[in-house]
Amino acid sequence: MTQVVLGENEGIESALRRFKRQVSKAGILADVKYRRYYETPIEKRKRKAAAARRKRRYR
């Protein structure tokens, strides 16, 4: 679980930025999108193309 503890004189904006960065590093949003019920054809093509690029890179 991603958690952000506010500092003594830290503003909400900076804490929100840190939270967003932690969420993106943890891959939470990507995981939610991947497990969503319906995947649009464009999203499916993008995902498959990215997987193909990764596969080609490691060969």
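A salt bridge is a side-chain nitrogen of Lys or Arg within 4 Å of a carboxyl oxygen of Asp or Glu. I note at the start that the model I am reading is predicted.

**Entry 1: E43 and R36.** I looked up E43 and found that it forms a salt bridge with R36. The closest N and O atoms of the two are 2.9 Å apart, which means the pair falls within the 4 Å cut-off. I then checked accessibility. E43 has a relative accessible area of 30%, so I list E43 as partly exposed. R36 comes to 40% and is partly exposed as well.

**Entry 2: the count.** How many salt bridges does the structure hold? I find four. Side chains of opposite charge can pair when their charged atoms come close. I followed up further pairs.

**Entry 3: R47 and E39.** The side chains of R47 and E39 meet in a salt bridge, at 2.9 Å from N to O. R47 is partly exposed at 34%, and E39 is partly exposed at 24%. Buried would require under 20%.

**Entry 4: R18 and E10.** I looked up R18 and found a salt bridge with E10, where the closest N and O atoms are 3.1 Å apart. R18 has 26% relative accessibility and counts as partly exposed. For E10 I also noted 26%, hence partly exposed.

**Entry 5: P41.** Where does P41 lie? I place P41 in helix α3, which covers residues 41–57. Last, I compared P41 with S14, 27 residues away along the chain. Their C-alpha atoms are separated by 36 Å.

Methods. Residues numbered from 1 in each chain as written. Predicted model: local features only at pLDDT ≥ 70, side-chain atom pairs only at ≥ 80, totals over all residues. Heavy atoms only, no water. Helix = DSSP H or I, 4+ residues; strand = E, 2+ residues; numbered from the N terminus. Buried < 20%, exposed > 50% of the residue type's maximum accessible area, 1.4 Å probe, protein only.
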